[in-house]
Amino acid sequence: MNDGQHYSRPSMNWCAAIAAGVIAGCVATLAQIILWWIFLDAALPDILYRDAHLAASIILGPAALQPTATFDLKVMFVATLLHFALSITYSVILARIVFLWKTSNALLAGIFYGLALYGVNMYGFTITFPWFSLTRDWITLAAHIVFGVTVVGSYKTLEDMACWRKK
C-alpha cells in the first residue's frame, strides 16, 4: 500500500565511519604507546620503530625490516598510511554492522570486534607476514580492544552530531 509517502531505508553515515576510523587509529596507537611506556619503559622508542618497520614491510617488502629499531622517515610514512587505511577499512566494516544498534550493545560488539581484529591481524596476517608474530602480546590485544570500542563510541557520537548528519 502506497499512501504517497516515501520511506527510505536507514543507512550508515560514511563520513562518521571514516572519521571514527581515524580517531580510533589514533586512540588505539596512543593507548599502546602509553602501555609500552608504563610496562616496557626501556623499550620506547625502539618498539614503536620496530612496529613501524613490521607494518611498512607489507608494502615495501622484507627489506624494510632491517634495521628495525631505527627511525626511517619513509618507513614511518608508509606504516602510518597503512595503519590509517586499515583503521578506516575496519571502522567502516564495524560501523556497517552496528549503525542501527543501541550504543550499549554496539560498544559490547566493539570489544568483540577488537578481539577478532587481533586474531586476524596477529594470526591471519602472520601466514603471509610471519614477522608479525613478534607483536603478539597483551598490550597489542588491549590496543585492538581499545580500537573497537573507540570506533563505536566515535561513530555513534559523530553520527548524532548535527554536522555529520545526512541532509
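The lining of the largest pocket divides into 21 nonpolar, 10 polar and 1 charged residues. Here Ala, Val, Leu, Ile, Met, Phe, Trp, Tyr, Cys and Pro count as nonpolar, Asp, Glu, Lys and Arg as charged, and the others, Gly among them, as polar. The model is predicted: local features need pLDDT of at least 70 and side-chain atom pairs pLDDT 80 or more, while totals for chains, interfaces and linings use all residues. Residues are numbered from 1 along each chain as its sequence is written, and side-chain values use heavy atoms, without hydrogens and water.

The volume of the largest pocket is about 760 Å³. Its lining comprises 32 residues, with Thr 29, Gln 32, Asp 51, Ala 55 and His 83 nearest the centre. Two or more lining residues come from each of H1, helix H2 (46-60), H3, H4 and H5. H3 gives the largest share, 9 residues. Helices are DSSP runs (H or I, at least four residues), numbered from the N terminus. A pocket is an open set of points on a 1 Å grid over the protein atoms alone, where a 1.4 Å probe fits, with protein on both sides within 12 Å along at least five of seven lines; lining residues have an atom within 4 Å of a point. Grid points are joined across faces, edges and corners, and the volume is the space filled by probe spheres set on the points.

The largest nonpolar core has 12 residues. They are Ala 24, Ala 28, Tyr 90, Leu 94, Val 98, Ala 106, Ala 109, Tyr 113, Leu 117, Phe 147, Val 151 and Val 152. Helices H1 (14-39), H3 (73-98), H4 (103-128) and H5 (138-160) each give two or more residues to this core. The largest share, 4 residues, comes from H4. Such a core is a set of buried Ala, Val, Leu, Ile, Met, Phe, Trp, Tyr and Cys residues joined through side-chain atoms within 4.5 Å. Buried means under 20% relative accessible area, exposed over 50%, and partly exposed in between (1.4 Å probe, protein chains only). Beyond neighbours within four places in sequence, Tyr 90 is in contact (heavy atoms within 4.5 Å) with Tyr 113, Leu 117, Val 120, Asn 121, Phe 125 and Phe 147.

H1 has 26 residues, which at 1.5 Å a residue should span 38 Å. The expected span is 1.5 Å times one less than the number of residues. The end C-alpha atoms of H1 are 37 Å apart, which agrees. Buried residues of H1 include Ala 24, Ala 28, Gln 32, Leu 35 and Trp 36. Their cover includes H2, H3 and H5.

The loops were examined next. Pro 45 lies between H1 and H2. The peptide bond from Leu 44 to Pro 45 is cis, with omega near 0°. Most peptide bonds are trans. Ala 69, in the loop between H2 and H3, is 24 residues from Pro 45 in sequence and 7.9 Å from Pro 45 in space, C-alpha to C-alpha. Ala 69 counts as partly exposed because its relative accessibility is 37%. Leaving aside neighbours within four places in sequence, Ala 69 contacts Asp 46 and Tyr 49. Thr 135 lies in the loop between H4 and H5. Thr 135 is buried, at 4% relative accessible area. Not counting residues up to four places away, Thr 135 touches Arg 50, Asp 51, Leu 54, Met 122 and Thr 140.
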